[in-house]
Amino acid sequence: MAQLDHAPHPGLIGAQPAPPPEVVEQTKIYRREGGFPISWLVAPATLWLFLFLVVPLLSIVVFSFWKSTGYGMEPGFTLDAYQNYFEVEGFFDASHRKFLTPSVFVSTLFSTFKFTVVVMFFCLLLGYPIAYFLAMQVKAFKWQLSLFLVCMVPFWTSYLIRAVAWIPMLGRRGLLNTFLLYMDIVDKPVTFLLYSEFGYVMALVQIYVVLIVGPIFFSLAKIDDDILEAARDMGATSFQIFREIIGPLSLPGVAIGLIFIFVMLMGEFATAVVVYGGKTSTTGTVILNFYGVANYPASAVNALMLMLAMMIGVIVILRVVNIRKEL
Amino acid sequence: MAKWTPERRKKLWIKSGYSVYFLVFVLFIYGPMFAMFVLSFQGRRGGTSFPMRGTSLYWWGKLIEPSTVGDMQGALLRSLILALIVMVITAVFSTMLAMAFRKKFYGAGFLFYTVMAGLMVPGVLLSLGMATLMQFLGISPHWWSSALAVHVVWTLPFGFLVMMAVFNRFDERLEEAARDMGASEWTVFKEVTFPLILPGVVAAGLFGFTLSYDEFARTTLLAGEFNTLPLDINASMTQRIRPTLFALGTASTIFSLGMIGVFLGIYSILYRRAR
Amino acid sequence: MTKRKIDTATSAKKVISRRKFLGTAAATTAAAGAITGFPAIVRAADPVRTIGLGVSIINEIQSQAGKDLGFPVRGQALGYGAMFGKMLNQNEQYEVAEGYYNDYDVMVPAKVWQPIDTKRIKRWDQVTNLSKTGKLTADSNPGQGDAPFRHLWIDANGNRVDGPSRYITSVPSWHNADSLGYNPDETGRKIESWAELFSPDFKGRVALLNTPQIGVMDAAMGIEALGLKKFGDKGDMTKPEIDFMVDFLIKKKKEGHFRAFWETFGQSVNLMVSGEVALESMWSPAVTAIKAEGVSCIYAALKEGYRGWHGGLSISAKTSGKALDQAYEYINWWLDGWAGAFVARQGYYMSVTDTVKTSLEPAEWDYWYEGKPAAKELSDPFGTPIVPKGEVRDGGSYWDRFGNIAVWNSLMKENDYLVKRWTEFLQA
């Protein structure tokens, strides 16, 4: 009660001197007062990011404008790499077979994007019920977490090992085929599971679906049971409860999960080699191929285009579900 | 009150349905690991495909022997330590950033997208950019410096988004109450905020650990002279893909599952005591 | 745990201070100089760092070298892309590198390696003519493409010169003649021509190497064998030639001809052992690996000739002083026989054959180099028996095989265009 000391008290009648400004400040009610100073909170991470992300990223942009020599690159300014990326011979020539076809790098980007979207769809479809199960059906926190961790465990085995293990699982002489043959379900080994588009999509879903389960699980877990009960008491059907309450409240989790897998899938390069036998090319593969012959500018252009595509995707997801608005 | 009301029965059906789905899901995710598990017991003369040529613990034995190509035990240790450090840094940075984002501040949007950019930069190119810069500056890469730096850049967005989601549902009135009672900022954090956000912090850390442990592309040029585990495995594959890898995979799976069991046990004991 | 473990940190700035702390014991012991007469004691010297694939970087080889030379040799094995990137961009991180002559169009102009003085290579005269002139015997066909003799000779400043000179880019070491590998039980017949790669009989059971620079060679051989096109120089194709080839490949791919493409050596082994393919491009040690796993595999002796490749040991441009001496010692050791014998048991040949002959058992030499039937059961370098008694090595003797190299792995001038079209092929 410091202010009472400041204000002189001649009595209830008569002019009271205005309280000193600092007292006025103190009595103002801030909605979110306190907390550590923003600059302190933000500084370490920002510095880290600046040194180890922004600067290398800028150098990639610079590289994309350099000239590719046979064995590396030379500082300078040229649009060669970009030209090589976009240029298609005969693009404007109606008689040419390549009329109006995008360059191979652009179409690779599209193809990467196509696979990404398909896999995202299946991940959401398969992953959401799991998150729902863990958050809603499993009651005890310890079990929730444990079962979730059980799903995460495959992630702690090196990705390379898991990828290699697909072959003895799905191959001609693999575990699955042996089982199918043994049970007389088929009389010849099934070959479409491996080195095929189907196998590829399945492998990708299998690897990344857990990433979407996590965030959705978090969002769902925070939903207050009382709200659900209240809705039930008011006579809402399960479907209505989902549509009006659970669905919208889980959207931030869904968005975050989608962003995670979107980004990782767009950057994919190894699974296509192991599970699809290298029969498709992702932009990640192209980047590595150019890197492997020291054509860094071409690698950089592909990387920047990929990043651009990813940015657009992330922004789209964030517009649909505005996480920041939620805060 | 009747035990088996229609409502309870329906709930049980739903729960069973979900449980079965969960089981199938887990089998699906673990998919190739079954082949891996079986093949880790491959006979001495066999390889990483079926048929099994006898069974043996030969490949398990190779886990503790020195490797033919590379240094698996050393690489494993390095990866573990690196992942632990990344885990801590990710958890700390994510929490700090997410706390800052609770308010509006100058440059918030820009910072947000910068963090997100860490997700999007293709690993190989970031590796090249960093490596070229370091060479230019005359600094040499090491797994505990340059690789660490880039790993955190990669894991930070994941942890950050998780913490954002956590603070999204956070009730700041509890903090305010503590402040009103005269607590210092640090005390507020320690006693009120932190316990409440702990699951999120743990999750952010877990992401950090998992992503770093298996990170390959970003590390290629930045690990210096000693390989991390993914680099080592990739290198050994240039020679031969052997069931030793499967033994490693199976061992890490069993270990992880074991740790979950331990966690469950500890949690149960602590919780029971708290009552 | 061995002493090679986590390196604990200090600041890493100058070359000298970094390499000092990487040494196993205190730098003072290194300064104590040569501890003569005790070769068995590994001196606390800075190790020679060598990088490469799992071809030259095998722990047994490096540790034997350490024992024989008296200073530690530390190898870092990497995957292809990582190795290439490191060789080109981080040559302060190694002394000796395992290079392949088809990369030299990139490596030599980049000057990341220093010219090697042949006067310091003890056995330079014993290096076979294959590496120096391309002709193992007087009537051998040197083959098109990046053969070592086209990438060997430089002057003291690292610029290319014609013909033999005192300085070389790298010391030729292990090499081989690749062809197609097949499982006779699955193909049902003997494979004698590169054209079989595209035979409709094997639709869906064929695999090719993923790397454009090498995979196209196999494809080009196949196309030429089918009589569809004659290439001017398969090692340096023109744009129309590349177009022709890629269009043909795309057609085949769309027909479902290829089961898979492999990237690492181990994958090629897996593909055949698991029964996924009947016929594939393959490297020689894969054949021994497949046979070691009990699957029948033959390395075809194709009438059009082999695809050759050659590896070499080079020294980083940043190496000097004591480290340089040690690097030379290590390279010389490779030619002394033990290492040559080790890799011979995996099917690789060595550029100095005399010392390999004395290091192998007679029965081994006869089998691996002379192409004679195995007098007894032979093992791979790790002790696993792989060659039953009486078997003959596919393709015959060293001189037969290397007398018939049709093409070498190469980096073409139109490489960028090739990569672009190869990407299209993979996309199809």
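## Two helices crossing between chains

In this predicted model, helix H5 of chain A (residues 104-137) meets helix H1 of chain B (residues 6-39): their axes come within 10 Å and cross at roughly 125°. H5(A) and H1(B) are therefore oblique to each other. If you look at the handedness, the crossing of H5(A) and H1(B) is left-handed.

Which residues make the contact? On the H5(A) side they are A:Leu125, A:Leu126, A:Pro129, A:Ile130, A:Tyr132, A:Phe133, A:Leu134 and A:Gln137. H1(B) contributes B:Ile14, B:Lys15, B:Tyr18, B:Ser19, B:Tyr21, B:Phe22, B:Phe25 and B:Phe28. Sorted by class, the contact between H5(A) and H1(B) has 13 nonpolar, 2 polar and 1 charged residues.

## A serine in chain A

Now find A:Ser299, which lies in helix H14 of chain A, residues 296-320. Is A:Ser299 buried or exposed? Its relative accessibility is 0%, so A:Ser299 counts as buried, the cut-off being under 20%.

Leaving aside residues up to four places away in sequence, A:Ser299 touches A:Ile287, A:Phe290 and A:Tyr291, along with B:Leu125 from chain B.

## A sheet in chain C

Chain C has an open sheet of 3 strands in the order E5-E7-E6, with antiparallel pairing. Strands E5 (116-117) and E6 (153-154) stand at the edges; each has a single partner strand, so one side of each is left without a neighbour in the sheet.

How many bridges join E6(C) to E7 of chain C? There are 2, and these strands run antiparallel, with E7 covering residues 167-168. To picture the pairing, look for C:Ile154, which stands opposite C:Tyr167 in E7(C).

How values were computed:
Residues are numbered from 1 along each chain as its sequence is written. Chains are lettered from A and ligands numbered from 1 in the order in which they are written. This is a predicted model: local features need pLDDT of at least 70, side-chain atom pairs count only at pLDDT 80 or more; totals for chains, interfaces and linings use all residues. Side-chain values use heavy atoms; hydrogens and water are left out. Two strands pair if DSSP finds at least two bridges between them. Helices (H or I, at least four residues) and strands (E, at least two) are DSSP runs, numbered from the N terminus. Buried means under 20% relative accessible area, exposed over 50%, partly exposed in between (1.4 Å probe, protein chains only). Contact means heavy atoms within 4.5 Å. Axes are lines fitted to C-alpha atoms, for helices over the stretch in contact, and angles run from 0 to 180 degrees between N-to-C directions. Angles under 35 degrees count as roughly parallel, over 145 as roughly antiparallel, 65 to 115 as roughly perpendicular and the rest as oblique. A crossing is left-handed if the near helix is turned anticlockwise from the far one by less than a right angle, and right-handed if clockwise. Ala, Val, Leu, Ile, Met, Phe, Trp, Tyr, Cys and Pro count as nonpolar, Asp, Glu, Lys and Arg as charged, and the others, Gly among them, as polar.
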